[in-house]
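Subject: Structure for you to look at

Hello,

Here is the structure I promised to pass on. Please open it first and keep it beside you while you read the notes below.

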Protein chains: 2
Amino acid sequence: MTHLLRVDARENRDRVLAAARELFAESGLEVTMRQIARRADVGPATLYRRFPTKQDLVLEAFEDELAECGSIVHDGAADPDPWRGFCDVVERILLLNARNQGFTDAFMSAHPDVVDFAAHREELGRVVWTIIRRAQAAGRLRPDFVFDDFAVILLAGRGLTAAPASTRDAAVRRFAAFVIDGLRVAGTQARSAAGEGSSRPRPHPRS
Amino acid sequence: MTHLLRVDARENRDRVLAAARELFAESGLEVTMRQIARRADVGPATLYRRFPTKQDLVLEAFEDELAECGSIVHDGAADPDPWRGFCDVVERILLLNARNQGFTDAFMSAHPDVVDFAAHREELGRVVWTIIRRAQAAGRLRPDFVFDDFAVILLAGRGLTAAPASTRDAAVRRFAAFVIDGLRVAGTQARSAAGEGSSRPRPHPRS
DNA sequence: AACGTAACGGACGCATGCGTCCACTTGCCG
DNA sequence: CGGCAAGTGGACGCATGCGTCCGTTACGTT
């Protein structure tokens, strides 16, 4: 009576969630429910009983990612150095999105029929906006940077999910460094006030 | 005997190509052959007789775009100002790709089963590479910029095809300006040596 | 140990996209 | 102006993904 689910049911449910997370990350939201069921060694009916709609599955599968998004903007807003906070938010969000094709799809509402994270996006957006203004007030972020520009950068980062997995992280970091360099007000030191090192990674190993 | 096709056949063929170009531009390569046929007011069989495989259709539909790619890199290589040439190539290629979702798919080989532009990509790549070196030799492009970075930027630009059509061009130009600003060697003047104006557009009208 | 029910997965009907076939139409040439 | 081959579009069979139903299994309780 203590368990809401029979132990085998719970096990299957967990396997389904794990499979969904894997497949979503690798191939985006377009994976079929059947593929997920197959990967989880489960029949379609089992999957549908636990998650009647794909939306349910997506929401639960990306709970962690949503939470990390929260951490990222929270950390950024709490950083004593406004500019470093801004840079870290950009880089970490880009990395998170590039590593998980499915989460990017969901967060950007690429499949509005399946799931819409607009609410979360807007909530996070508000915090990001304060981070932007803080960095500008500190005289580090170009004053003409507007919130939509942040969306543009995220959208652009989405394109990097198409890069081969082996070089993706490097590509994203490099991309983030380019963009951040372009957003700095001219003459300002790269990255943090303390100068935590060059803002640009070495060139790609494989080129 | 002068015509290889009957006049009605030729007309249908033209309508099919026009429809394909429209749909590919709007929605990418994933549009079905049936959708194209419907838009062209033509039966599926007609479409398949003229273009037995989607690859045939794609190749002919994007002839113009491929040619324009050639012009772009040619212009860039011929520009007396190496830096301006480089910047123009980046911006024009990004715009071309953002305006035509299908061409981007094809050029980036997002659907390798349908079409593979690898040959064209490589050929254009060689010219781009000389443009990069020229801009670096002129001391305007960061010396650590490598060819893969160009690919990264294109990949990122691909993400912008997801932006709403009404703001896409503005977003792309703004994005290009950000990136170019990040690629300039610090302390160098923006854009051309003559300073053809600020490299950054105004903020988005709709924000 | 036995039983009731939660849980399972295979199988079904539906919808859609695919590429091809075929009976009818129509432009072209004698 | 008449015949025929080129041309056409609807219809077909196949494949795949969808969401649901139902006979069977096996967990947990008494």
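Predicted model: local features only at pLDDT ≥ 70, side-chain atom pairs only at ≥ 80, totals over all residues.

Chain A

Chain A has 10 helices and zero strands. Read along the sequence, its pattern is therefore simply α-α-α-α-α-α-α-α-α-α. Of its 207 residues, 39% count as buried. Among the contacts in chain A between residues at least 6 apart in sequence, 63% link residues at least 24 apart.

How the two chains are related

Chain A can be laid on chain B with an RMSD of 0.1 Å, using a turn of 180 degrees and a shift of 0.0 Å along the axis. The two copies are thus related as by a two-fold rotation axis.

Where the chains meet

In the contact between the chains, 28 residues of chain A touch 28 residues of chain B. On the chain A side, the elements that supply two or more residues are helix 9 and helix 10. Helix 9 of chain A has the largest share, with nine residues. Sorted by class, this side of chain A has 16 nonpolar, five polar and seven charged residues. The copies meet through the same surface, because 100% of the interface residues of chain A are also interface residues in chain B.

Helix 9 of chain B, residues 147-159, has a number of buried residues, among them Phe150(B), Val152(B), Ile153(B) and Leu155(B). What covers the buried residues of this helix includes parts of both chains: helix 9 and helix 10 of chain A, and helix 6, helix 7, helix 8 and helix 10 of chain B.

The nonpolar core

Which residues have the most contacts inside the largest nonpolar core? They are Val90(A), Val179(A), Val90(B) and Val179(B), in a core of 68 residues. Leaving aside neighbours within four places in sequence, Val179(B) is in contact with Phe178(A), Val179(A) and Gly182(A) from chain A, and with Val90(B) and Ile153(B) from chain B.

The DNA strands

DNA strand C is surrounded by 22 residues, and the closest are Asn12(A), Gly43(A), Ala45(A), Thr32(B) and Ala45(B). Two or more residues each come from helix 1 and helix 3 of chain A, and from helix 1, helix 2 and helix 3 of chain B. Helix 3 of chain A gives the most, with four residues. By class, the surface near DNA strand C has 11 nonpolar, four polar and seven charged residues.

DNA strand D has 21 residues around it, and the closest are Thr32(A), Ala45(A), Asn12(B), Gly43(B) and Ala45(B). Here the elements that give two or more residues are helix 1, helix 2 and helix 3 of chain A, with helix 1 and helix 3 of chain B. The largest share, four residues, comes from helix 3 of chain B. The classes here are 11 nonpolar, four polar and six charged.

One residue in helix 3

Is Leu47(B), with its 23 C-beta neighbours inside 10 Å, buried or exposed? Leu47(B), which sits in helix 3 of chain B, counts as buried because the cut-off is 20 or more such neighbours. Leaving aside neighbours within four places in sequence, Leu47(B) is in contact with Val16(B), Met33(B), Ile36(B), Ala37(B) and Val42(B). From Leu47(B) to Ile36(B) is 11 residues in sequence and 8.4 Å in space, C-alpha to C-alpha.

Regards

Definitions and conventions
Residues numbered from 1 in each chain as written. Chains lettered and ligands numbered in written order. Least-squares fit on C-alpha atoms with pLDDT ≥ 70 in both. Contact = placed C-beta atoms within 7 Å. Core = buried A, V, L, I, M, F, W, Y, C linked by C-beta atoms within 7 Å. Buried ≥ 20, exposed ≤ 12 C-beta atoms within 10 Å, placed from the backbone. Near = placed C-beta within 6 Å. Nonpolar A, V, L, I, M, F, W, Y, C, P; charged D, E, K, R; others polar.
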